Amino acid sequence: MNMRLTISALPASLPLLPLLALAALSGCAAGKEEEDPLAHACEVIADAGTAITAGADIDSAPGIQIGDTPYTVTLVPGAASYVSVNVSGDTAAILFMGTADIAQTLYQDGADVGLSEGAPDDLCPEDVPEHYDVDLHTAGTWTFELGPAAVSEVWLLLHDAGAHVDEQ
Amino acid sequence: MPALLLAALSGCAFEAGHGFGELAPVDFSAALTPGPARDLGGAVLTDQGYAVALDGFVWTVGGMHLMELQGGGGGGGSFDPADPPDGYTLCHGGHCHSDGGALVDYADIEAELAGGAAAFVALVSLAPPGTLDMLGTAAATLAPDEPVLADVSLTKLRLESVGVHMSGTVRREPDDGFSATFDLDLALSGDLDAGLELPLGRGELPVIALSVALAPDGTLWDELDFAALAVDGAVPADAESALALTLGPRLLAVEPSVTLTRTDWE
């Protein structure tokens with residue numbers, strides 16, 4: 001059985017499908033189902049989701065929402081592209097990217113605050129090669145800088161960290 | 001088969017409960033892998049909007065080693081990834097997120113927890129892959145010096161870097177007329193480490209196969225403003241140049257990817 005070391009801390013005999021199902025349900029407690037965002041990202045990677053066109057600067061960045069629905073973002077050719085999210089208070093989120101090396105940095109109300117180091121989604125590293133833990137710690141507008149890139153569009157999902165943080 | 005037989009017979013010398021395994025020759029490959037976001041087809045796109053076209057990229061490496069954490073006294077070094085130690089938050093996929101934002105291998109956290117006297121010790125060494133053409137697909141099969149393993153827990157793979165030669169041309173993307181060449185010859189002594197999880201001792205006599213790939217991505221030249229650095233159409237590339245001081249640490253941070261199979265996991 002071929003097995004990537006990145007998931008070798010898990011029991012080797014577990015096939016991936018039950019593992020995904022287990023992860024998907026692992027947030028369930030006392031009747032409340034809360035899906036692990038890493039499992040959710042794997043489930044929706046094939047969905048194009050909502051199509052948007054990124055802005056060429058921070059001021060023209062279109063808004064995206066934290067939620068279950070992914071986006072397919074058309075990038076500005078040959079230049080940096082921007083999308084923004086508004087939060088009303090301290091919010092922990094995870095940014096999932098369908099293509100690596102496109103997310104560059106994060107701005108808080110126009111100030112560059114950087115991104116944490118990205119890592120593959122453990123449950124589907126080939127499909128979702130990067131995810132970033134994003135601490136949107138104050139209310140306001142947060143803007144992601146994407147590219148420049150050699151591709152014209154990118155799939156992304158901005159999901160509440162929720163169960164992922166609780167369990168870790 | 002003879003090695004298996006030898007391993008099976010040599011098991012008589014081990015105490016009950018002490019397993020062992022046989023390490024097969026290791027498949028090794030190396031290639032620059034820009035990835036779809038950076039691959040312009042013959043050039044690599046940087047985050048500053050430059051296209052780097054390489055005509056040479058050779059990485060000279062030394063030995064490869066499989067290592068075990070030994071010594072220490074700070075509590076054994078093990079930890080539960082579901083309950084990260086102080087200074088770390090999320091742990092998954094063999095890494096933990098440090099409070100500083102970096103991803104740290106489980107093995108390095110275990111060494112930290114085990115205390116100052118703990119150290120990684122090479123238990124198996126493999127023939128050096130040698131000089132790697134990173135623009136092709138360098139490949140080799142590396143024979144271990146100690147194929148029979150006994151009661152060990154190998155948690156780190158280390159590849160020794162010796163030096164890099166890289167040359168090419170850089171322009172803007174899209175092209176605005178700027179062009180500069182560079183020719184970097186860098187003594188690059190250091191270790192390229194990857195986490196490994198290879199515990200033995202169950203008495204299952206597994207045959208262990210490792211595939212190791214050295215695949216730097218297309219972000220190597222990020223943040224370099226080549227137009228600002230170039231002088232008379234050439235980017236300075238001496239040991240103290242911005243090019244060398246940027247690329248050196250990034251190359252030494254490249255983590256070999258490791259795929260492991262063992263017959264007792266089938």
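Among contacts in chain A between residues at least 6 apart in sequence, what share joins residues at least 24 apart? The share is 68%, where two residues are in contact if their C-beta atoms, placed from the backbone, lie within 7 Å. Before I go on, please keep in mind that this is a predicted model, in which local features need pLDDT of at least 70 and side-chain atom pairs count only at pLDDT 80 or more, while totals for chains, interfaces and linings use all residues. Residues are numbered from 1 along each chain as its sequence is written, and chains are lettered from A and ligands numbered from 1 in the order in which they are written.

Let me start with chain A. It has three helices and 10 strands, these being DSSP runs numbered from the N terminus, with H or I over at least four residues for helices and E over at least two for strands. Read from the N terminus, the order of elements is β-α-α-β-β-β-β-β-β-β-β-β-α. Of its 168 residues, 39% count as buried, meaning that 20 or more other C-beta atoms lie within 10 Å of the residue's own, whereas 12 or fewer make a residue exposed and anything in between partly exposed.

Chain A contains an open sheet of five strands in the order 2-3-10-5-8, with mixed pairing, and strands pair here if DSSP finds at least two bridges between them. Strand 2 (50-53) and strand 8 (130-136) of chain A stand at the edges with a single partner strand each, so one side of each is left without a neighbour in the sheet. On average, neighbouring strands of this sheet are turned by 30° against each other, direction ignored. Inside the sheet, strand 3 (residues 71-74) and strand 10 (residues 153-160) of chain A pair in the antiparallel sense over four bridges, and A:Val73 has A:Val154 in strand 10 as its bridge partner. Helix 2 (residues 37-44) of chain A lies across strand 5 (91-97) and strand 10 of chain A, running at about 150° to strand 10; such angles run from 0 to 180 degrees between N-to-C directions, with axes fitted to C-alpha atoms, for helices over the stretch in contact.

In helix 4 (residues 242-252) of chain B, the buried residues are B:Leu243, B:Ala244 and B:Leu247. Seen down the helix axis, they fall within an arc of 85°, so they line one face of the helix, the arc being that of the directions from the axis to the C-beta atoms. These buried residues pack against strand 13 and helix 3 (226-229) of chain B, while the face turned away from them carries the exposed residues B:Leu245 and B:Pro249.

Finally, how do the two chains meet? In the model, 37 residues of chain B are in contact with 28 residues of chain A.
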